[in-house]
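Subject: Structure handover

Hello,

Here is the structure you will be taking over.

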Amino acid sequence: MNRAAAAPPRTSLAGRTVAAAATVGRMDGLMLVAVTALAVIGTMLVWSSTRTWAAGSTGLVKKHILNLVIGAVLAGTAAMVDHRALRAFAPLIYGATLVGLILVITPLGSTVNGAHSWIMLGGGFAFQPSEFAKLGLVLMLAMLMAQPARGTDRPRGFDVVVALVVSVFTMGLVMLQPDLGTTMVIGVITAGTIVVAGVRKRWIAGLTLSVVGAGVAVWFLGVLEPYQIARFTAFLNPASDPRGVGYNSTQSLIAIGSGEVFGKGLFGGGQTTGRFVPEQHTDFIFTVAGEEFGFLGSVTVVALLGVILVRGVRIARECDDRFGALVAGSIVCWLAFQSFVNIGMTVGIMPITGLPLPFVSYGGTATFANMIAFGLLQAIHMRGQPLR
């Protein structure tokens, strides 16, 4: 046989371009628009909140844009991958994230804002393994609970137990940093996956009691660091020490309230320009939106986040394979909880935990993790049919 005739036909550049365009055409356009809009708004807010103190007239906005470009590449790569194939690689991905969590508690790790959760890479770049641990855990839990028990649509009891062990082990490593906010997110990811998987109600009741008991034990056994206890104290009564532990909460409310309905305009916020609110480009970036874009701008940010979450729920419900539905549902729980906590702590309804606002806050590793999660949602949306 002629080898040239037997060789598979090569795909031309035009053919690959058409295939790529067809793939992009199957993406969830509304979610893509919402993420893009949040990224643009976040870039303006980072620019406004860092231009007066960071090096250069543009502050950290150039580095933030670079992070977004890298994140967009990662999101596109994740969207091109068949999510069903990730089921076989979930243990490897999860294991890699565990290696990062272990390395960060060694001398290789560095402490930032009281948490020993960073690995410095040099050149002003840092890596936070706990952000990627969220992704690894999402895939691992979905893999464990994707196989239902014989004759049912519920996960096997043994798989649920293994999933809980995996989650507790991950939370333990994160708490050693300590990073209470990420630990809470991991707990919500676990609870969300279990609920989406359809476990029996007695499992949910037992887990709820266990979480309450664990929370009481953590508080009374002195596991929390002093700065974490101070944050809870400020949440319960920020007026008790407005210049001390309640300073962040008080200034945050002042900044958001001063924006009124239409805001003071970009670069026009006195609280932002004067740096009265700490970490305003990361944890408290919503205060910049409230002060400079006003109530309407704040509602717009919340609405865009809501679009992402609603579309994510729809993707999870319409996915025909169990693994993809669990991954999508877990990501929605993760993004919903983190958004609620971040916005809630700026308006005084949640304690300060140091969680950034997805797709808006300045950050490297967090931006990459959020973008990969967005890419996975798109991959599940495009390939929601059973694997044959």
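Arg-314 and Glu-318 are separated by about one helical turn, because they sit four residues apart in helix 14 (helices are DSSP runs of H or I, at least four residues, and are numbered from the N terminus). Their side chains form a salt bridge in which the closest N and O atoms are 2.9 Å apart; the term stands for a side-chain nitrogen of Lys or Arg within 4 Å of a carboxyl oxygen of Asp or Glu. Arg-314 is partly exposed at 41% relative accessibility, and Glu-318 is partly exposed at 47%. Here buried means under 20% relative accessible area, exposed means over 50%, and partly exposed lies in between, with a 1.4 Å probe and protein chains only.

This is a predicted model, in which local features need pLDDT of at least 70 and side-chain atom pairs count only at pLDDT 80 or more, while totals for chains, interfaces and linings use all residues. Residues are numbered from 1 along each chain as its sequence is written, and side-chain values use heavy atoms, with hydrogens and water left out.

Salt bridges

The structure holds six salt bridges. Side chains of opposite charge can pair when their charged atoms come close. Asp-28 is buried at 3% relative accessibility, and Arg-311 is buried at 19%.

Another salt bridge is formed by Glu-131 and Lys-134, with the closest N and O atoms 3.0 Å apart. Both residues lie in helix 6 (residues 129-145), three residues apart, about one turn of the helix. Glu-131 is buried, with a relative accessible area of 2%, and Lys-134 is buried at 0%.

Contacts and core

Both residues of that bridge turn up again as contacts (heavy atoms within 4.5 Å). Not counting residues up to four places away in sequence, Thr-365 touches Ala-126, Phe-127, Gln-128, Glu-131 and Phe-132. Thr-365 is in helix 16 (residues 365-382) and is buried at 4%.

Lys-134 is among the residues that Trp-334 touches, leaving out those up to four places away; the others include Leu-135, Val-138 and Ala-373. In the largest nonpolar core, which has 84 residues, Ile-331 and Trp-334 touch the most other members. Such a core is a set of buried Ala, Val, Leu, Ile, Met, Phe, Trp, Tyr and Cys residues joined through side-chain atoms within 4.5 Å.

Aromatic pairs

A search of the whole structure finds two aromatic pairs (rings of Phe, Tyr and Trp, the last by its six-membered ring, with centres within 6.5 Å; planes under 30 degrees apart count as stacked, over 60 as edge-to-face and the rest as tilted). Trp-47 and Phe-267 are edge-to-face, 5.0 Å centre to centre, with 75° between the planes. Trp-47 is in helix 3 (residues 29-50) and Phe-267 in the loop between helix 11 and helix 12, 220 residues apart. Trp-47 is partly exposed at 32%, as is Phe-267 at 29%. Phe-127 and Phe-132 form a tilted pair, 5.6 Å centre to centre, with 35° between the planes.

Regards

Definitions and conventions. Helix = DSSP H or I, 4+ residues; strand = E, 2+ residues; numbered from the N terminus.
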